[in-house]
Each structure stands twice: as structure tokens, then as C-alpha cells.
Amino acid sequence: MPHDCDDCGESFATLTRLRLHDCEDVQSETSVGSANLEQSESTGSSPAGKRNASVAELDTLLDRFSDGDRDALHDAVAEFESTLSAAVEEDNSGETYRDVFWPYHERVSDALDEAAQATGWCFLEEVIDTHDPTVDDEIPLVTPTVANAVGRSVIRTRLTDSVSAIPVSALEYLDSVAVTAADTADTTREEVHAYGWGIGHPDHSVADRLHTRASEDIFSVNPTLEHAFYADQYAAVDLLESLVRDESIDGTLPRITRDDMPYRRYLLDCVYGLQTDDNWPGMPRYYDWHEEFDYTFELDDTVEQRIRDLVEEERLDTNLPNDWTFRDLGIWADQQHVL
């Protein structure tokens, strides 16, 4: 049964997608925070009262962390989970959930990232263990926030140290989130794209896992492979070749003007931005890793030629212009290439 947003009217297949969609009509900086404490006192043990009291406690814990109490952050993550649960209980339409989730998603992600930079991986590994997405039938509501912080640390570790310095537990966590989260849990699944930065890890094969997931998880695999190119373009092009040549990956995407797009053609979308400097991957949210490290990327000529050869060998250039560029391989550009 579809679920409609009372504010914007958009319809969603699941309550999860309804709760998390970024509805401009209901975003409000004053809808969460300590200002709601007075309301919580008047509503007692009602769902709204529980949610408002939990929000006030979450603010207090985050303030304590900002003041130097690192242990308060563990409690803050747990309180965030409780706050989101109370929001779900209060309002199935998703408005209350979104009002809590989006502001605190950024605040808690930033705090977790700050703690990880101060203490190393040990802090995040404790959080991962506490909020394991594989324990219950439904993943914890804080999963996208934890995954955001883990993804930032995966990228930072790869750029400042080496791929082998990334804990296996971190890569296993991001992979398990991608596998366990519902197909409609868009926000959660988007926050795990940094998994691609683990490509080439000596003790965890990101390439094998992405290949295994490709047929059933193409919308997560494609942007994850895009991240992998920035981590190691040679390992990434190896994986792209193996995926595009794998005829068992036989799914398709609908196209309006002509035949459906094969998954193996859609995978080429991952190279759309490799020859530009204005299309960096947007995940994890709130983290401009290329700016933090003044990161530059130059596509190797041999890698470019391998991609061009792959397109031609697999006859995926039928609808491309004669002088096609990587931008023409993007899924949105493809919609313009009409026979």
C-alpha cells in the first residue's frame, strides 16, 4: 500500500522512504531541539512527549561531547536511536521523523567523525559493534549516521595511510549495511558508497563483494565503483571490465524512447565524471574529502583506452555520438541519445 506525504503529496512505497524523504515543505530548524522541552512537559508520556524529552537529552549529550566528554557520544548515538524510534511511534506520516533525522544526522555524523579523528578507529569499531545492522530483523535507525562516519574514516585512512590500514571490520560493516538495508532505504544505502575506497584491501575483497552483489544491487554497486576509481583506478577498471563482460548480470532499466538499458551498460555511468573536476561523488554527506586533502585526479591514458575498448568490444556504443566522451556514458546523457 502506498504512503502519501501530507505536506507535499508525494507517494512512497514504504514508510521508511516516506519518513526520510527531504520534503521542503516541512523542514524547520525550530522543529527539533531544546525549545521543545516545554511541550514535552505538557504532554507527559505521549509519543510527542517521549520524542521531545529524548531530543532534549540528545542535545545535552552532544553539548557534553563538545565540552570534551567523549564518553557522552556513545550515549548520544543511543539516544538518537531512541529519539528516532519515538518519532516513528508518534507520527507514521514521516514528518516528525524527518524533522528529527535530518538535523541530527549531520550533527551526530560530525561528532562521530571528530571522535574518530581524535582516537583512531577504536571508537568507531565500538559504535559499529553496538549498532550491528545484522542482529535484528530491521537495521538500527542510526545506521545511516554511523555509516556516514565510517565512510569518512575509510576515505581518510586510504588517503593518509594505506588501504591495508582500513580495518576489515569497517569494510564488513559497510558491506553488511548494503546487503541488509531494504532496497527502498535510499539514505542508508547512499551512505555506504565509500566502501569503494577499500578496493585492493589485502584481507577483504571489495571487488569480489561488488561483483557478487551486482545483479541484485546495481544501484549501490554503480556509485560504489565510481568511488573505487578515485581510490585505485587500475583496480577499479579491472572490476569494471569483469562486470561489463559478465553476461550473467542480465537485468535492465527502462528507457522511454527505446529498448531497456542493460545493467552492464548502466555500469558505465560510474566513469561519467572522471575526466572533469566538477562532478565529485557526493557521499558521504557533509564531507568534502577532495577539498580536505586538496585531492586531484588524473585519469591515466591506458585506463581511458581500456574503457573505450570495453565500450566498443561489448557493442555499447551504438547510440553514442562518433566523438563520444565519458560524459556521454552517463545515464542522463544516454536519455538524450535517441536513435
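**A loop residue to begin with**

Select D294, which lies in the loop between α14 and α15 (301-313); helices here are DSSP runs of H or I with at least four residues, strands are runs of E with at least two, and both are numbered from the N terminus. D294 is a residue other than glycine, yet its phi is positive, near 50°. At 66% relative accessibility, D294 counts as exposed; buried means under 20% relative accessible area, exposed over 50%, and partly exposed in between, with a 1.4 Å probe and protein chains only.

This is a predicted model, in which local features need pLDDT of at least 70 and side-chain atom pairs count only at pLDDT 80 or more, while totals for chains, interfaces and linings use all residues. Residues are numbered from 1 along each chain as its sequence is written, and side-chain values use heavy atoms, with hydrogens and water left out.

**The neighbouring loop**

Next, select the loop between α13 (263-266) and α14 (289-292), where P284 lies. The peptide bond from M283 to P284 is cis, with omega near -5°. Y286 also has its place in the loop between α13 and α14. Y286 is not a glycine, but has a positive phi of about 65°. Its relative accessible area of 33% makes Y286 partly exposed.

**Helix α6 and its surroundings**

Now select residues 121-130, helix α6. Which residues of α6 are buried? They are W121, F123, L124, V127 and I128. Seen down the axis of α6, the buried residues fall within an arc of 160°, so they line one face of the helix; the arc is that of the directions from the helix axis to the C-beta atoms. On the other side of α6, D129 and T130 are exposed.

Axes are lines fitted to C-alpha atoms, for helices over the stretch in contact, and angles run from 0 to 180 degrees between N-to-C directions. In this contact (heavy atoms within 4.5 Å), α6 contributes W121, L124, V127 and I128, and the residues of α7 include V146, A149 and V150.

**Helices α11 and α12**

Finally, select α11 (residues 218-231) and α12 (residues 233-244), whose axes come within 6 Å and cross at roughly 150°. Among the residues that meet here are V221 and L225 in α11 and Q233 and A236 in α12.
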